[in-house]
Number of protein chains: 2
Amino acid sequence: MSKQPVSVLTSRPDERPSGAPLACCAPLAARALSTEEAVTVAPLFKALGDPVRLRLMSMIASSAEACVCDLTDAFDVSGPTISHHLKVLREAGLVDCERRGTWVYYWVRPQALESLGTLLGAAGGAAG
Amino acid sequence: MSKQPVSVLTSRPDERPSGAPLACCAPLAARALSTEEAVTVAPLFKALGDPVRLRLMSMIASSAEACVCDLTDAFDVSGPTISHHLKVLREAGLVDCERRGTWVYYWVRPQALESLGTLLGAAGGAAG
DNA sequence: CTCCTGTTTCGATGGATGTCTAATCAGTGG
DNA sequence: CCACTGATTAGACATCCATCGAAACAGGAG
């Protein structure tokens, strides 16, 4: 597959302000992502790519914080499975958690969702 | 260099039913997604959850349309692998394609990205 | 300390996924 | 017709992943 591409779509890596561990912030349609950028951002989408995790995320996001006990009750899967999915979301940087006594509470890290939203070109598109 | 002679000859569009239901549009932070909604939307995120596919998506989105030949050139993986990933994006309803003579061209279905953007944008904005 | 509950970790397993090569389909041109 | 190129499909294979039950960890109550 070695041929000279016309580079209709070969956009040069735009110099971006590095420093953000999470997604870069150029809208997807503005320019092509570099391999590095794609490798960085894809895991975030992947983390949201499971129905259970996506719903967990929405439940956590729709309130200030959510107790694992309540989250677990809302699904048909076992406790360990919920714990596993929460760990995936945590390691993706989408949520954070804290133990308070017996219970563990999760909340959304806004920066992450914001980055993805910007990437998808949602800047201002959100309507109530 | 120009390996894409602007083909004027247009064959019939590859009208294949990409029966992918697109995302509904409830902002993530506004309320918790139902199981059905999560099952509907998650595959879209999943489709973007692979670095190759995410970069393919960005390359297609950053220009009006993209030829498979150019897309293939931009990656280290084989042609069939690119074709496979494009199929995943197609079946997710994120892109559509058309054969024009020898080459096949892909473009973004804006509605899909818009839905995801709204979903995330509203969440990020509201939570921030 | 012991028991109980909530949460996470461990190990195993069936199914999904990304990748490849080889083969096939689609079009152009001799 | 046949040869050639571009793109997809088919089949195979190694790896990853969602899920479970059992066990371990964390904290409160008797």
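The residues of the surface near DNA strand D divide into nine nonpolar, eight polar and six charged. Here nonpolar means Ala, Val, Leu, Ile, Met, Phe, Trp, Tyr, Cys and Pro, charged means Asp, Glu, Lys and Arg, and polar means the others, Gly among them. A residue is near the strand if one of its heavy atoms lies within 4 Å of it.

The model is predicted: local features need pLDDT of at least 70, side-chain atom pairs count only at pLDDT 80 or more, and totals for chains, interfaces and linings use all residues. Residues are numbered from 1 along each chain as its sequence is written, chains are lettered from A and ligands numbered from 1 in the order in which they are written, and side-chain values use heavy atoms, with hydrogens and water left out.

In total, 23 residues surround DNA strand D, and the closest are Lys46(A), Arg53(A), Ser78(A), Thr81(A) and His85(A). Sugar or phosphate accounts for 81% of the atoms of DNA strand D within 4 Å of the protein, and bases for the rest.

The table gives polar contacts, which are pairs of N or O atoms within 3.5 Å; within protein, one must be able to donate a hydrogen and the other to accept it, and residues adjacent in sequence count only if both atoms are side-chain atoms.

| Residue | Part of residue | Distance to a phosphate oxygen of DNA strand D |
|---|---|---|
| His84(A) | side chain | 3.3 Å |
| His85(A) | side chain | 2.3 Å |
| Cys69(B) | backbone | 3.2 Å |

Two or more residues each come from helix H4 (79-91) of chain A and from helix H3 (68-73), helix H4 (79-91) and strand E3 (103-108) of chain B. H4(A) gives the most, with four residues. Helices (H or I, at least four residues) and strands (E, at least two) are DSSP runs, numbered from the N terminus.
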